[in-house]
Amino acid sequence: MSRRISPVIPGFGLTLGYTLVYLSLIVLIPLGAMFVHAAQLTWEQFWAIVSAPRVLAALKLSFGTALCAAIINGIIGTLLAWVLVRYTFPGRKIIEAMIDLPFALPTAVAGIALTALYAPAGLVGQFATDLGFKIAYTPLGITLALTFVTLPFVVRTVQPVLADIPREVEEAAACLGAKPLQVFRYVLLPALLPAWLTGFALAFARGVGEYGSVIFIAGNMPMKTEILPLLIMVKLDQYDYTGATAIGVLMLVVSFILLLLINLLQRRIETP
Amino acid sequence: MSIRRYALAALASAVFAGSAIAKDYELLNVSYDPTRELYQQYNAEFIKHWQQANPSDKVKIQQSHGGSGKQARAVIDGLRADVVTLALAGDIDEVAKLGKTLPDNWQTRLPDASTPYTSTIVFLVRKGNPKGIKDWGDLVKNDVSVITPNPKTSGGARWNFLAAWAYGLKAGGSEAKAQEYVKELFKHVPVLDTGARGSTITFVNNGQGDVLLAWENEAFLALKEDGGADKFDIVVPSLSILAEPPVAVVDKNAEKKGNEAIAKAYLEYLYSPAGQKIAADNFYRPRDAKVAAEYAKQFPKLDLVTIDKDFGGWKTAQPKFFNDGGVFDQIYTAQ
């Protein structure tokens with residue numbers, strides 16, 4: 001038996017190799033192939049595609065609605081997590097299970113169901129019509145679909161952290177004279193924020209790329225309710241693979257920058 | 001030992017005797033959305049027909065359905081279709097051009113430009129036609145709202161668009177007038193679904209719009225469904241387009257699977273009286289004059305423009321109207 005200095009983590013070489021192969025097969029190679037395909041374009045051609053007015057309008061819409069949905073879920077999702085962790089009530093287990101349903105449901109089914117409900121003649125949509133606005137076939141409808149699809153992210157990231165903060169911590173803060181709002185601001189928020197940001201970023205990223213549920217409720221009107229993934233499908237239907245990858249690259253770059261910013265922000269919070 | 005030799009001899013005779021020996025065929029027909037019912041019925045009929053001549057053969061036919069363009073892309077990307085039966089010739093042209101699995105002149109290999117059945121674009125309106133829609137001109141009246149899928153993503157919607165264009169051209173007398181008409185028409189469209197089925201859901205289930213521009217066979221299907229006849233009427237406009245959904249053998253795939261003969265027979269039998277009747281029963285207009293006469297009541301006569309005569313074929317129409325920067329894009333971006 002030869003003697004070797006064992007690395008700090010046992011099986012480091014094996015696990016690293018496995019990680020690299022796995023990541024390459026699942027993430028790097030497919031994404032790399034996209035960049036290679038898009039590289040067939042000259043810089044001018046690429047720019048002409050991604051700066052077309054319709055692409056820019058769709059870019060704003062896709063990122064705007066995804067951001068809105070992530071913010072809504074950031075607030076409501078935290079609230080849901082709070083209720084689920086801090087209170088016991090009949091039916092809690094059922095609600096707990098319901099949170100994950102948007103993940104399990106095929107997105108097209110969600111899209112069709114939401115559209116049927118929120119269309120101007122739908123069960124809920126008719127009230128909006130009475131009040132003089134539309135939900136389905138507007139950016140509002142898109143935000144709604146994205147909020148539905150990304151609901152579990154914030155709840156599921158915040159919930160375990162919240163469960164780890166014992167009630168006694170809050171009580172101690174209260175004993176030391178903190179008002180409820182202060183308890184939230186100085187005790188809970190700093191502990192929750194990193195997890196919350198993770199959930200927020202996941203919800204946002206998922207929303208940007210979502211296609212199946214949005215396509216039914218969006219109305220898909222050019223310049224108004226056309227999302228970026230739809231423009232990719234439009235290009236593909238013209239057998240314009242290169243144009244489609246150009247928009248794909250644009251989405252990827254913008255998403256990457258935004259996620260990187262969120263990550264940096266997270267780091268600053270974690271290491272004050 | 002002797003058993004093995006016997007088996008070998010049997011195998012050899014099977015190989016050399018060829019057609020006399022039973023064969024297993026597995027045929028894949030890649031089609032577009034609304035032909036599901038048509039081919040279910042036709043496949044059963046064709047298998048019966050094939051087994052009359054080759055009683056010991058086993059034939060299994062699989063169908064795949066989806067948006068025409070998406071199906072074409074799947075075949076280009078390697079789906080092993082023996083035959084394609086798509087919504088428009090342009091999509092099969094792309095399979096020939098990008099996939100190189102069938103020759104460019106595929107459309108000349110079968111009668112009637114490889115289109116065994118046709119359809120046209122009609123209007124589906126709410127029962128009793130409350131908005132009084134009779135022709136294309138009525139679609140651009142003030143309060144009429146029109147449902148059609150997006151021609152950029154839906155093969156069926158391209159036929160809708162060209163039918164509208166043909167009307168605009170006839171009524172206005174110039175291409176500029178035609179463009180004005182379609183621009184006005186699309187101002188009356190509140191939702192552009194990505195496929196024909198999506199638009200049907202929007203119109204039928206979600207109650208949007210006063211009129212749905214639809215394939216004739218889809219409109220009939222909507223009437224046939226539960227209570228459909230109590231909710232909708234079909235309006236046939238004065239002028240429409242002859243929608244020609246063509247069929248073709250994908251040579252390279254069929255060769256690889258040894259299916260050339262049966263794939264060819266499969267498509268040819270569509271032109272037989274039996275095949276034509278099944279098409280007519282599924283609300284596609286038959287090509288065969290005799291069968292057409294039988295079903296004359298079902299299919300009202302109307303003026304029909306054609307893609308080849310009036311638009312110079314898909315190779316001209318697709319870039320002019322639907323590719324990036326084409327007429328459809330101009331309607332929305334040059335406002």
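**Figure 1. Helix α8 of chain B and its buried residues.** In this predicted model, helix α8 of chain B covers residues 196-204, and its buried residues are A196(B), G198(B), S199(B), T200(B), T202(B) and F203(B). What do these buried residues of α8(B) pack against? Within chain B, the partners are the strands β4 (117-126), β5 (146-147) and β6 (211-215), along with the helices α6 (155-172) and α9 (216-224).

**Figure 2. The contact between chain A and chain B.** Here we step back to the two chains: 22 residues from chain A and 22 residues from chain B take part in the contact. On the side of chain A that touches chain B, at least two residues each come from α3 (53-86), α6 (107-118), α12 (214-217) and α13 (228-237). Which of the helices gives the most to this side of chain A? With four residues, α13(A) does. Sorted by class, the side of chain A that touches chain B has 15 nonpolar, five polar and two charged residues.

**Figure 3. Helices α2 and α14 of chain A, where they cross.** Now for a pair of helices in chain A: α2 (residues 43-50) and α14 (residues 241-270) pack with their axes 10 Å apart, at an angle of about 75°. Because angles from 65 to 115 degrees count as roughly perpendicular, α2(A) is described as roughly perpendicular to α14(A). From α2(A) come F46(A), I49(A) and V50(A), which meet G243(A), A246(A), I247(A) and L250(A) of α14(A). By class, this contact of α2(A) with α14(A) has six nonpolar residues, one polar residue and no charged ones.

**Figure 4. Two annotated transmembrane spans of chain A.** An unreviewed UniProt entry places the feature "transmembrane region" at residues 63-85, 97-119, 131-155, 186-205 and 241-265 of chain A. Residues 131-155 of chain A are 68% helix and 0% strand, and their end C-alpha atoms lie 32 Å apart. Residues 241-265 of chain A are 100% helix and 0% strand, with 36 Å between the end C-alpha atoms.

**Figure 5. Domain 1 and domain 2 of chain A.** The domain assignment divides chain A into domain 1 (10-39) and domain 2 (42-270). How far apart do the C-alpha centres of the two domains lie? The distance between these centres in chain A is 27 Å. Their contact draws on five residues from domain 1 of chain A and eight residues from domain 2 of chain A. On the side of domain 1 that touches domain 2 in chain A, four residues are nonpolar, one is polar and none is charged. The unreviewed UniProt entry also lists "domain: ABC transmembrane type-1" for residues 59-262 of chain A. Over residues 59-262 the chain is 78% helix and 0% strand, and the end C-alpha atoms are 19 Å apart.

Figure 6. Chain A has 14 helices and zero strands. Its C-alpha trace spans about 75 × 65 × 35 Å along the principal axes. Of the 272 residues in chain A, 34% are buried. Among contacts in chain A with a separation of 6 or more, 78% link residues 24 or more positions apart.

Conventions: Residues numbered from 1 in each chain as written. Chains lettered and ligands numbered in written order. Predicted model: local features only at pLDDT ≥ 70, side-chain atom pairs only at ≥ 80, totals over all residues. Axes fitted to C-alpha atoms, helices over the stretch in contact; angles between N-to-C directions. Parallel < 35°, antiparallel > 145°, perpendicular 65-115°, else oblique. Contact = placed C-beta atoms within 7 Å. Nonpolar A, V, L, I, M, F, W, Y, C, P; charged D, E, K, R; others polar. UniProt positions renumbered as here; feature names shortened; annotations may be inferred. Domains from an automatic or database assignment. Buried ≥ 20, exposed ≤ 12 C-beta atoms within 10 Å, placed from the backbone.
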